[in-house]
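Thanks for passing this one along. Here are my notes, point by point, for reading beside the structure.

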Amino acid sequence: MAAFAESGAYSGGYSGHGAHLAGSVSLSESSSLADSGSNPDVSLLYDINGLAKAAPTWFDRVMEFVGEYGLLLVMVLLVLWCWWGVRRKGGEDAAASVAALAWVPLAAGIAVLINVPIREFVQRPRPFLDHEGLEVLVSGKTDYSFVSDHATLTMAMGVALFVANRKFGLVGIVLGLLGGFCRIYMGVHYPTDVVGGFALGTAVALLLSPVAMALLTPLVKAVERSPRAGWMVSAKRTGSRGAVVPGARVEPPAEDERDLAA
């Protein structure tokens with residue numbers, strides 16, 4: 001009987017402790033959900049990342065590749081495509097157009113460099129470190145979350161490309177927006193991390209563009225005059241046009257094909 005009583009007392013004590021612990025966990029979870037619901041940033045994070053939980057595994061793998069590497073690769077190919085068209089068309093504006101395209105990767109690099117001290121100053125942890133239940137598609141992210149490097153990079157390239165060529169630039173901006181969505185979908189960034197990256201990339205690409213063009217255009221014109229490297233700027237260089245047989249007809253570039261370089 002004593003043993004039974006002792007066992008019963010122990011059982012009762014354990015049950016009480018378990019109930020208290022369960023109550024604490026339940027209170028903690030409800031508090032976390034309440035905080036998430038009152039914070040639009042966290043709420044939107046769960047809404048977008050929740051799509052990854054409902055999606056099939058193969059789709060998540062595709063989004064992982066697209067958000068991590070794919071869009072950056074497509075952006076580079078888009079810039080090269082635009083450059084190839086400008087080079088092939090040639091003309092008096094070729095140097096200015098190529099200079100504007102050269103600003104695209106430079107703007108992205110400068111924007112990311114500016115982001116380094118911003119991240120160290122804000123020191124915002126990745127969302128999956130502070131919030132449970134997220135579907136994280138990429139592991140190994142140990143750096144800070146604000147501002148998103150990927151969002152900064154892709155939007156800086158998209159906006160700088162828009163400065164050089166409106167048609168290609170619109171495609172680049174859409175790719176940048178898609179990249180930001182992917183970073184939230186993957187569970188590695190808050191929406192405000194992405195918005196901050198968009199703002200930083202846009203500001204660098206636009207505000208520093210006049211200075212960049214003033215420095216790059218004379219340099220590109222010097223390259224255009226080079227007998228060895230001139231092909232990088234124009235396939236129809238001024239020197240080669242001077243060797244045309246007198247009286248030969250030279251077709252001017254079509255009005256709708258004029259480059260819109262800033």
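1. Let me begin with the cysteines. Cys182 is buried, at 0% relative accessibility (buried means under 20% relative accessible area, exposed over 50%, partly exposed in between, with a 1.4 Å probe and protein chains only). Cys82 also counts as buried, at 3%. A search of the whole structure finds zero disulfides, a disulfide being a pair of cysteine sulfur atoms within 2.5 Å.

2. A word on the basis of these notes. This is a predicted model, in which local features need pLDDT of at least 70 and side-chain atom pairs count only at pLDDT 80 or more, while totals for chains, interfaces and linings use all residues. Residues are numbered from 1 along each chain as its sequence is written, and side-chain values use heavy atoms, with hydrogens and water left out.

3. His189 deserves a look. His189 sits in the loop between helix H7 (166-185) and H8 (helices are DSSP runs of H or I, at least four residues, numbered from the N terminus). Its relative accessibility is 2%, so His189 counts as buried. The His189 side chain makes polar contacts with the side chains of Ser148 (3.5 Å) and Asp193 (3.5 Å). Such a contact is a pair of N or O atoms within 3.5 Å; within protein, one must be able to donate a hydrogen and the other to accept it, and residues adjacent in sequence count only if both atoms are side-chain atoms.

4. Next, Glu68, which lies in helix H3 (residues 57-89). Is Glu68 buried or exposed? At 11% relative accessibility, Glu68 counts as buried.

5. Helix H2 (residues 40-54) has 15 residues and spans 21 Å from first C-alpha to last, close to the 21 Å expected (1.5 Å times one less than the number of residues). At its start, a side-chain oxygen of Asn39 comes within 3.0 Å of the backbone nitrogen of Asp41. Asp41 is also one of the buried residues of H2, which include Val42, Leu45 and Ile48.

6. Finally, the surface. Leu106, Ile110, Ile114, Leu206, Leu207 and Leu208 make a nonpolar patch of about 510 Å² (residues with over 30% relative accessible area and no salt bridge, nonpolar side chains being joined within 5 Å). Helices H4 (94-122) and H8 (191-207) each supply at least two of its residues, and H4 gives the largest share, three. Ile114, in H4, is partly exposed at 36%.

Definitions and conventions
Patches are made of residues with over 30% relative accessible area and no salt bridge: like charges are joined within 9 Å, nonpolar side chains (Val, Leu, Ile, Met, Phe, Trp, Tyr) within 5 Å. Accessible areas come from the Shrake-Rupley method with a 1.4 Å probe; for residues, only the protein chains shown count as cover. A salt bridge is a side-chain nitrogen of Lys or Arg within 4 Å of a carboxyl oxygen of Asp or Glu.
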